[in-house]
Amino acid sequence: MHANPSLAQYQTIADITAQMLTAAQAEDWETLTRLEQQCAECVRKLQMQSLLNPAAPLAGAEREAKLHCLQNILAHDRQIRELVNPWMRKLSSMISSNIAERKLARHYGNSPPM
């Protein structure tokens, strides 16, 4: 655990994003969504810490630890996006197809299969 509370929060966020990556790799979208919510809450806490207790700039080992956390967070985010984007495009296509099908059915008076 880090002595600096904001540094500890960055580490927590990095740990959660690593778990998010694992969930995305397993296509476990429910877990990914739950972890995303946890991550967002940690980010809100970090923002509140920064507002309520502005800290002096980090130096030395603490600065390096924060940089390492940020690099990990960004790397996890990039990998998650690479895994999720194809799924999101497929979902968008399915939704668009469903909407078009319903419009056609309404226009021609047929009920689409559910």
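**Legends to the close-up views**

View 1. Thr-17 counts as buried because its relative accessibility is 7%, where buried means under 20% relative accessible area, exposed over 50% and partly exposed in between (1.4 Å probe, protein chains only). Thr-17 sits in helix H1, which covers residues 5-25. Apart from neighbours within four places in sequence, Thr-17 contacts Cys-39, Ile-73, His-76 and Ile-80; contact means heavy atoms within 4.5 Å. The model is predicted: local features need pLDDT of at least 70, side-chain atom pairs count only at pLDDT 80 or more, and totals for chains, interfaces and linings use all residues. Residues are numbered from 1 along each chain as its sequence is written, and side-chain values use heavy atoms, with hydrogens and water left out.

**View 2. Helices of the protein chain.** The protein chain has three helices and zero strands, in the order α-α-α along the sequence. Helices (H or I, at least four residues) and strands (E, at least two) are DSSP runs, numbered from the N terminus. Of contacts between residues at least 6 apart in sequence, 67% link residues at least 24 apart.

**View 3. Burial and charge.** In the protein chain, 25% of the 114 residues count as buried. Its side chains include 12 positive and 11 negative ones, and the centres of the two sets are 8 Å apart. Lys and Arg count as positive and Asp and Glu as negative, while His and the chain ends are not counted; each charge is placed at NZ of Lys, CZ of Arg, CG of Asp or CD of Glu.
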